[in-house]
Amino acid sequence: MRVLVIGGGGFLGRRTVEAVTKLPGARVTVGHRGRSPDLGWVDRLDAEVSSVRLDLKDPSTFSEMTRHDWVVNVSDTLAAPPDQAVDYALDRG
């Protein structure tokens, strides 16, 4: 199961990533809007965690969602409302 956690480097995101990595067969990707976040904290997890740029204000980055089975958004939705990303996901099933 491939899980994308948008905002996975933040306060709630880190805890979400930690929880998801405990699921059997979960492969987690941290979605970030700017430069790649420091993922040094994932070293203590017994899982492989990768990162990818996904900016909720930039629809050209939304295609990354199609590479995952689940998308969890724990980003700051006041700074970047997820409306366009939700429409993108709904349009693609």
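This is a predicted model: local features need pLDDT of at least 70, side-chain atom pairs count only at pLDDT 80 or more; totals for chains, interfaces and linings use all residues.

User: Which residues make up the largest nonpolar core?

Analyst: In soluble globular proteins, nonpolar side chains tend to be buried together. A nonpolar core is a set of buried Ala, Val, Leu, Ile, Met, Phe, Trp, Tyr and Cys residues joined through side-chain atoms within 4.5 Å; buried means under 20% relative accessible area, exposed over 50%, and partly exposed in between (1.4 Å probe, protein chains only). Here the largest core has 12 residues: Val3, Val5, Val17, Val20, Ala26, Val28, Val30, Leu39, Trp41, Val42, Leu45 and Val49. Two or more residues of this core come from each of β1 (2–6), α1 (11–21) and β2 (27–32).

User: Which residues is Val20 in contact with, beyond its neighbours within four places in sequence?

Analyst: Contact means heavy atoms within 4.5 Å. For Val20, the partners are Val3, Ala26 and Val28. Across the protein, 51% of the contacts between residues at least 6 apart in sequence join residues at least 24 apart.

User: In what order do the elements run?

Analyst: Helices (H or I, at least four residues) and strands (E, at least two) are DSSP runs, numbered from the N terminus. This protein has two helices and four strands, in the order β-α-β-β-β-α from the N terminus on. Its radius of gyration, taken over C-alpha atoms, is 12 Å, close to the 12 Å from the globule rule for 93 residues, so the protein is as compact as a globular protein of that length. That rule is 2.2 Å times the number of residues to the power 0.38.

User: Is Trp70 buried or exposed?

Analyst: Trp70 is exposed, because its relative accessible area is 54%. This residue is found in strand β4 (residues 70–73).

User: Where is Gly93 placed?

Analyst: Gly93 is in the segment after α2 (83–91), and is exposed, with a relative accessible area of 97%. Gly93 and Val49 are 44 residues apart in sequence and 25 Å apart in space, C-alpha to C-alpha.

Technical notes. Residues are numbered from 1 along each chain as its sequence is written. Side-chain values use heavy atoms; hydrogens and water are left out.
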